[in-house]
Amino acid sequence: MEKLKNLHNAETNDTSYDHVLKYTGIFGGVQGLKMLISAVRMKLTAHILGGWGIGLITAYSSVFEFLSNASNMGIPLNATRKTSELFEVGTEDEIAHQVMVIRTWVLWSALFSVLICLFFSPIISYFFFEHDWHRWPAVMLTSLVAVTNIIAEGECAILKGLRQVRKVALIETILAFGTLLCTIPLYYLLGIHGVIIGLIGCGFLSALVHFSFSLRIVSYKVKPLSLKTFFEGLPLIKVGIPYVLAGVANAGLQMVIPAIILAHHTMVELGYYKAGWALMIGYSGLVFLALESDYFPRLSAVNNDKQRMNDTINQQIDVCTLILSPLLILLVVFMPFVLQLLFEEEFTIATGMATLSVFYPFLRCLALPMGYSVLAKGHSIAYLVLEVVYDVLFGLLIWWCYNAFGLVGAGIALSAGAMYDVIIYFLYCHFRYGFVFRWSTLLFCLGQLACLVFAVEYCYLVSPSMEEKYVAGGLAFFVSFALSLYQLLHRSDCAKCLVRKLKR
């Protein structure tokens, strides 16, 4: 068994620009692999189950995500923050004891999710499945997915707090392949009836894989009947309750969006929305996995040092924008082809939505690093207010834009909501924490945004010929790539060293 005392090393203590670039790249590669595997899974799912089947998977996924967020009490997030702080200054015994408290409360929250599902399953069944009360047993089964998901999140939070970044990346890779193997055979053999079984299987697989890594570091120990453990974990819960409410609001939004679509359209239309969402938000999120796995623990460790916190945020914005911007432009240029490749030809109807939502992932590169500073500080009430206001605004945007413009309106709403997120988080972080953009970071982001606007304008909005589209898109990609390359050579010591060796 790996000992806690061996966790501190040069790698886990490194906070340089090259470290950020390295692990953002690693997680970007992991997310790219997940994207490829997910594309295969979605392609096969669309072929086997069609748009209606993808819509059904979306509905059930929204349910168990709601249950997880409603019952996890904010423990995973606070567990990462607390464990990361102890990793910097705590002893081995303090870390082991804190992990025991975390696991005990995770167990309680998992059981709580079953009670929530038992109460809400008839209501969810009525509103999600065409006023059919009789689907509540299937909805109730999603509580098993929520339980395993909560347990897996708890173990993953412990690994992140202890800076086991490589292990987290390996887990994500294993689960990407495992999800494919758990779902497609069931869809093929059982059709629509295999959806719930596939979700449950993926949940159990996730919990088992996380345990296989975390137990090598800290052996499993819980005290569910201990009053002392209960009171020791209360600070986590007190801080976490606003996070829970924010998670419930966000999960509620994810349930409202399908309900808005299904109010006037069919499950097939929801499947088209899911395809566009998955491409631009799910598949293009190549860098966001690194934020929670590597960036948040590092930010939590320096949250009491204003200058180091400011540098860490700017550093992460630089790297996220550097990696993601050229990829987004490529997606804009080849959007119809990519949709047809990943799904079926019928899903190219989501081209407009996916193209106009391309600003969402780009703007999230700016908003998320700032937003995580609120979490790192433990200012849960402020986080709750910011997230609930965003969810309400975004829900109204989706409702109005979708009813006015259909799927294209959904893309507009996603980008507009992300712009609001950037503005509000900047204002909050600036006035409360003293955050400021470095001029180099601000100019770099504005340059990349200009390239993205140019690509959307000349590859979609003006309805160009194929030749004009590829010329304009190629020009935008070339400039974006050149900006990223310049930033890399200017900021990365490894890149500078490589250039010097090549010049010899």
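This is a predicted model: local features need pLDDT of at least 70, side-chain atom pairs count only at pLDDT 80 or more; totals for chains, interfaces and linings use all residues.
**Exercise 1. Work out what the secondary structure of the protein comes to, and how contacts span the sequence.**

Solution. Start with the elements: there are 19 helices and zero strands. Next, take the contacts between residues at least 6 apart in sequence: 84% of them join residues at least 24 apart.

**Exercise 2. Locate the nonpolar surface patch and decide whether L189 is buried or exposed.**

Solution. The patch covers about 760 Å² and is made by L36, V40, L44, I48, Y188, L189, L190 and I197. Two elements give two or more residues to it: helix 2 (17-71) and helix 6 (165-190). Helix 2 provides the largest share, four residues. L189 itself lies in helix 6. Exposed means over 50% relative accessible area; L189 has 64%, so it counts as exposed.

**Exercise 3. Explore the largest nonpolar core: which residues touch the most other members?**

Solution. This core has 84 residues, and L279, M370 and V374 touch the most other members. Helix 14 (residues 359-377) gives the largest share of the core, 13 residues. Now look around M370: leaving out residues up to four places away in sequence, M370 touches I313, I317, V422, Y425, F426, C429, F435 and F437. Finally, a second, separate core of 33 residues includes V99, V101, I237 and V244.

Note on methods:
Residues are numbered from 1 along each chain as its sequence is written. Side-chain values use heavy atoms; hydrogens and water are left out. Patches are made of residues with over 30% relative accessible area and no salt bridge: like charges are joined within 9 Å, nonpolar side chains (Val, Leu, Ile, Met, Phe, Trp, Tyr) within 5 Å. Accessible areas come from the Shrake-Rupley method with a 1.4 Å probe; for residues, only the protein chains shown count as cover. A salt bridge is a side-chain nitrogen of Lys or Arg within 4 Å of a carboxyl oxygen of Asp or Glu. Buried means under 20% relative accessible area, exposed over 50%, partly exposed in between (1.4 Å probe, protein chains only). A nonpolar core is a set of buried Ala, Val, Leu, Ile, Met, Phe, Trp, Tyr and Cys residues joined through side-chain atoms within 4.5 Å. Contact means heavy atoms within 4.5 Å.
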